[in-house]
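Hi there,

Here is the structure I promised to send over. Have a look at it first, and my notes follow below.

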Amino acid sequence: MELGITFLIAGSLALFVMLPLLSRDQEGQGVLPVDVTPTADLKRRRLVVYENLQDLEFEYKAGKIAPEDYEALRNNYRAEAAGLMAASLEVERADAGEALIEREVAARRAERRQPPAPDYRCPKCGFENPLPVKFCGECGAALRPAKKKG
Amino acid sequence: MNQVGSVALVAALAFAVYGVVAGAVGGYLRSLKTVRSAERATLAFFVMITVAVVALEFLILKDDFHSAYVAAHSNSALPIYYKIAVLWAGQEGSLLFWTWLLSIYGGLAVLLNHRKNRQLMPYVVSILMATGTFFASITYFVANPFEQLSLVTPQGMTAFSPADGNGLNPSLQYHSMVIHPPMLYLGYVGFVVPFAFAMAALITRQLGDNWIRVTRRWTMVPWMFLGCGILLGANWAYYVLGWGGYWGWDPVENASLLPWLAGTAFLHSVMVQEKRGMLKVWNIVLIIVTFFLCIFGTFLTRSGIVSSVHAFAQSNIGPFFAVFMALIVFFSLTLLFLRLDYLKSENKLDSVVSRESGFLFNNWILLAAVFAVLWGTIFPIISKAIESETITVGPPFFNKVAVPIGLLLLFLTGAGPLLAWRKTSFQSLKRNFTLPVILAAATGIGTLAGGIRGLYPWMTFVLCVFVAVCILQEFYKGARTRMRIAGENFFRAIYNLTMRNTRRYGGYIIHLGIVLLFIGFAGLAFKSETKGLMQQGDLLQVKDYLFRCQELTSGQNPNYEYERAVLTITKDGQALGTVHPERRFYLASQQPISHVAIRPSLKEDIYVVLAGQDQDTGKAVIEVFINPLVSWVWIGGFIVFLGTLLAMVPSRVEREMAEIKRPSETAVEEKHAL
């Protein structure tokens, strides 16, 4: 009895483990996403420097740091923050450029995928009707719009 | 139930092996569904090991002496709470318990990261399950707790079940012994998680400070458990072993201290990487060393290569552990070597007098301590291998080496936090160190005038005052500044100061706990010991205390027989109370043990042992130890525990950091969640 239950648990678990392998991937979901993007990493590092600056400020106010040390350290941290900020901007600019290219490519693709305008050419008299109509504006014959192509 | 346990172990082993492969393949192919499957294997591993643990506990509680493990380590008269503890009382059960804790940590790591750290997780799972594979294999193939007793008869093998078991080792029948091993194991096992993240960071080349931030709490939790385990072990030794002390530099005690020291070094040096982008290689090395020492400690306890009060019997699992340890070293160091280019420091050390160098010194000293303790611990093994005779290294060696190292560390505990990052000028030093130095000097002069004996105890007290003033000054100055800037009252200011940076102020509280621990250690220098033979009505004078033997009784319960002395204590004619030291004889295991009577106080403990009966006179042998300041060791340990809990509370800064969204947190669809 207990042994049977143990086998049942093990079998169910095996199914539970295998189930994700049997599922079908949807577009973009089958690949492991990135943990830390360069932008997020730089932002985080900048936050650390700001935190260091805040600490320095507080310790100075608490009388723990001599004025000359405070000046020097503050300048160092500011320079570090400025460097990180510049790096962030660079990455953002590069990202923006990439995004622009991506957008253009997407737009072109979308354009290509646009279904052509439905055809309202009269099968009887050959008149090209300019608007979606049920009957030909020239001869009055009934029209059936052509099926989408592509 | 034995079969249930064995089947569960085999299934767990299969899931672990699958987890190793699926994790690595999923990570390599960047296939989300394969990684999900590997993560689920980690959870399945946990479930199956849990089934095995439940099966063994069932056998123990049911007194199924047909099971070899139960017959060897339990008996029917054992109280239920000790029966539960039988799970980790023997080699086989404790290995299963180790594996179970590993599966809990693994399961938690998977559940808490199922939307985070997607690139790291496949390899984290792989490494966790590789460790799981090793322990589950050892448990199943080499030290299986589900083996059954059988008799060889002329007709063949027949099942055999003794009437009662051998019983739990009497020295383990003590309340802190029920929680000491689980705490210690939670410490040993837990370091596998930060190690796995470090290795995953190396494999994926994500060697910024992400893995450090992710593993901070995963490191603090085992560090805290290991610390608690060590102190509970010391407490057990003090209350049970009856030699008047709590730390004897026993190889197994040392084995637990080693990863704690290395883990302490790691917890400090990661701050340098987070704040300054330095010590990247060093941090990886430290976590490798810490994890290696955890496995080494487990190996030392189980292989039977050292003799110790804790060690399990001689066994054949040693070579397997040796191979596993060699694999850890080879795999991690090769990976580290291959990724050295990604571990370049972002900044340089600006000055020797800075917080960074303070941390670096602290690391060197901690590693020196690791090396010294490790050397003393394995020296008997080396001497046996080279000289074919075992030369034991006793407490004098350890005390000689550890005391100066400990004092240096104590000094840094106070001085380090007062140094500024990058550099500290003489002017800044003067601002921070004037008051602590003056008060420490006053203590030094005062204690010398009071007639203190010994250089080390004197230095300890002086440094304790120095460190305590350094820390309290930090709180005071911070609170005063907040009161000025934010208009808060003192208590509000202290609260906000602490909660704004729980890690720093939690750390200070830990340092205060360490100061109290050192006060307790220093007390050892002033302990005194007296032995006397007593019978009813006899008196024994020890220092200022007068002991009178009221009566000597004896009795029996289902678990043990006992002899008990009832002694009244008076000091300057004033009654202080009664103590009841016992000598017990456990029936199942046929082993005697002393049950110490302790009258603790903040100043000193009165520690009384009924050591036995004098053969010639028939009188009771009473040993009395007066142990000054021991209570501060337990109080200090408790403060360290509280400080660690505080340091784990997320601070405002951390919450801000966490809010920077990772793409992985948004990209994973519900459908693929576990």
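A term to start with: buried means under 20% relative accessible area, exposed over 50%, and partly exposed in between (1.4 Å probe, protein chains only). This is a predicted model, where local features need pLDDT of at least 70 and side-chain atom pairs count only at pLDDT 80 or more, while totals for chains, interfaces and linings use all residues. Residues are numbered from 1 along each chain as its sequence is written, chains are lettered from A and ligands numbered from 1 in the order written, and side-chain values use heavy atoms, without hydrogens and water.

With a disulfide taken as two cysteine sulfur atoms within 2.5 Å, the count over all chains is 0. Cys122(A) has its nearest cysteine sulfur, that of Cys139(A), 3.6 Å away, and Cys122(A) is buried at a relative accessible area of 2%. For Cys136(A), also in no disulfide, the nearest is the sulfur of Cys122(A), 3.6 Å away; Cys136(A) is buried too, at 5%.

Now the interface. Chain A brings 53 residues to the contact and chain B 76 (contact: heavy atoms within 4.5 Å). About 5,500 Å² is buried between them, 58% of it from carbon and sulfur atoms; this is accessible area (1.4 Å probe) lost on putting the two parts together, summed over both. Leu32(A), Asp35(A) and Arg44(A) supply 15% of what chain A buries there, more than any other three residues.

The two chains share 8 salt bridges (a side-chain nitrogen of Lys or Arg within 4 Å of a carboxyl oxygen of Asp or Glu). One of them joins Arg422(B) to Glu80(A), with the closest N and O atoms 2.3 Å apart.

Best wishes
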